[in-house]
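Please walk me through this structure, one part at a time. I would like to know what surrounds the ligands, how charged side chains pair, and where the backbone does something worth noting.

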Amino acid sequence: MSHLEVAELPLFSRRDFVKVCTAAAAAVGMPAWAGEKMAEEVAKGRKPSVIWLHFQECTGCTESLLRASAPDVGSLILDLISLDYHETLFAAAGYQFEDALHKAMTENAGKYVLVVEGAIPLKDDGIFCIVGGQKAVDTLQAVAAKAGAIVAIGSCASWGGVPSATPNPTGAVGVPAVLKGKAVVTLPGCPANPHNLLGTVLQFATFGTLPKLDDKGRPVFAYQRVIHEDCPRRAHFDNGRFAKAFGDEGHRQGWCLYQLGCKGPQTHANCSLLPFCEVPGAWPIGIGHPCIGCTEQGIVFNVPVHTNLPIEKPTAPMAYPTVGSGKGEVGAISAGVAGLVVGAVAGAGYVASRKLSVAVKKAEGAAKEKEDAS
Ligand code: FSX
Ligand code: SF4
Ligand code: F3S
């Protein structure tokens, strides 16, 4: 048995375990029966072997996984997999530890899941990260060569993260940049949301397949929407209620954080729907801090925290032109709306969305006056 493998389900009764698997499957967009199937596979002792490597990072991804509450995502993941090598969690050290890696690679060649946490330095032949006498880039290539699936957890492993911030002194890159041409599931976030690892592991352990990915290798179930689309403060944005300074009246009232630099409109992630540690409100915007775009290369560690970015998904217009109103002409309302929507898309941001509602009201007023006069 591996160091962390569990013969019995330690925290849950079988019934509870099925319930938790089912809820977890639903949370990550899989059908409920997937959770039941998963629980069956675990009961049969069929768990994928996982080798977890650490390179340049803060270990926050492992931390956020372990700090979850009960019945927690962390325990569930550790119940679903056979964690055969993990540099932070293992009690072993030295040669014994290195042997565990080689043993796991040999016994499960072609089948194990490789999870990588941290960036890989390539500058000066990769000398800036050496573990067990081997350079990170060499270890990654060797372990990836025999892996059945590869997951890059966190922004560091996905695209370089913190270590790659300008001037990137070690030439840090993410896993896909090293393993060019190989399929790599990326789960960016600093740290990554544990639910997204759970969803990926659930699917792989149950069906032996990987979730549908976008062009950056991110599972669509977690990264297809921007934070702004599902933000609980969105109604304040749409109505022009903004916190202007930390601790001001608007901030205390829980208003929109866009004017404090929130990057939610440009950030693809699901933390507004699945908070960290399963604690309601445990995510940046939930505790009153603007989103810093921690999943997005080019935003976090690149754009200052309190600088505004354009709105990717502009606010929906408050009124639409009535069907057949124009008799072949473009009505005043639709012209105003269309022009302003284009303006908002082009980057005029929330100002445009406010102008939009004012313009819509003006256009509505003018249209009504015209109607009354005729
Ligand atoms: Fe990076 Fe994960 Fe940020 Fe830290 O290790 S994504 S620095 S929270 O933990 O890789
Ligand atoms: Fe939420 Fe930020 Fe969008 Fe405001 S700007 S609604 S705080 S995501
Ligand atoms: Fe990261 Fe923004 Fe969510 S900073 S944790 S993507 S709210």
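The largest cavity in this predicted model is the space taken by ligand 2. Around ligand 2 there are 13 residues, and those that come nearest are H228, C231, C256, L257 and C262. Sorted by class, the shell around ligand 2 consists of nine nonpolar, two polar and two charged residues.

Ligand 3 can be described in the same terms. The second largest pocket is where ligand 3 sits. The residues around ligand 3 include T267, A269, C271 and F276. The shell around ligand 3 has eight nonpolar and two polar residues, and no charged residues.

Charged side chains matter for the next part. Side chains of opposite charge can pair when their charged atoms come close. The structure holds eight salt bridges. One of the pairs is E296 with R218, whose side chains meet in a salt bridge at 3.6 Å, N to O. E296 belongs to the loop between helix 12 (249-252) and helix 13 (332-373), and R218 to the loop between helix 9 (194-207) and helix 10 (220-223), so the pair ties together parts that are 78 residues apart in sequence. Are these two residues buried or exposed? With a relative accessible area of 6%, E296 is buried, because the limit for a buried residue is under 20%. R218 also has a relative accessible area of 6% and is buried.

One of its partners is E229, with the closest N and O atoms 3.6 Å apart. R225 is partly exposed at 36% relative accessibility, and E229 is partly exposed with a relative accessible area of 25%. The side chain of R225 also meets that of D230 in a salt bridge, at 2.9 Å from N to O. Elsewhere, D214, R218 and E296 are joined into one network by salt bridges that share partners.

Which helix holds S158? S158 lies in helix 7, and S158 is buried, with a relative accessible area of 9%. In sequence S158 and E296 are 138 residues apart, while in space their C-alpha atoms are 9.8 Å apart.

The loop between helix 9 and helix 10 contains P211. P211 counts as buried, at 7% relative accessibility. Between P211 and F221, which are 10 residues apart along the chain, the C-alpha atoms are separated by 7.8 Å.

Helix 6 shows how buried residues can be arranged. In helix 6 (residues 136-145) the buried residues are A136, V137, T139, L140, V143 and A144. Where do these residues point when the helix is seen down its axis? The buried residues of helix 6 fall within an arc of 160° in that view, so they line one face of the helix.

The bond from T166 to P167 is cis, with omega near 15°. P167 is placed in the loop between helix 7 (154-159) and strand 8 (172-173). The peptide bond from C190 to P191 is cis too, and its omega is near 5°. P191 is in the loop between strand 9 (185-187) and helix 9.

T59 has a phi near 70°, a positive value in a residue other than glycine. The place of T59 is the loop between strand 1 (49-54) and helix 3 (60-66). F301 is not a glycine either, yet its phi is positive, at about 65°. F301 is found in the loop between helix 12 and helix 13, and at 33% relative accessibility F301 counts as partly exposed. That loop also holds E296, the residue whose side chain forms a salt bridge with R218.

Technical notes: Residues are numbered from 1 along each chain as its sequence is written. Chains are lettered from A and ligands numbered from 1 in the order in which they are written. This is a predicted model: local features need pLDDT of at least 70, side-chain atom pairs count only at pLDDT 80 or more; totals for chains, interfaces and linings use all residues. Side-chain values use heavy atoms; hydrogens and water are left out. A residue is near a molecule or strand if one of its heavy atoms lies within 4 Å of it. On a 1 Å grid over the protein atoms alone, a cavity is a set of points where a 1.4 Å probe fits but cannot get out, and a pocket is an open set with protein on both sides within 12 Å along at least five of seven lines; lining residues have an atom within 4 Å of a point. A molecule sits in a cavity or pocket if more than half of its atoms lie within 2 Å of its grid points. Ala, Val, Leu, Ile, Met, Phe, Trp, Tyr, Cys and Pro count as nonpolar, Asp, Glu, Lys and Arg as charged, and the others, Gly among them, as polar. A salt bridge is a side-chain nitrogen of Lys or Arg within 4 Å of a carboxyl oxygen of Asp or Glu. Helices (H or I, at least four residues) and strands (E, at least two) are DSSP runs, numbered from the N terminus. Buried means under 20% relative accessible area, exposed over 50%, partly exposed in between (1.4 Å probe, protein chains only). The arc is that of the directions from the helix axis to the C-beta atoms.
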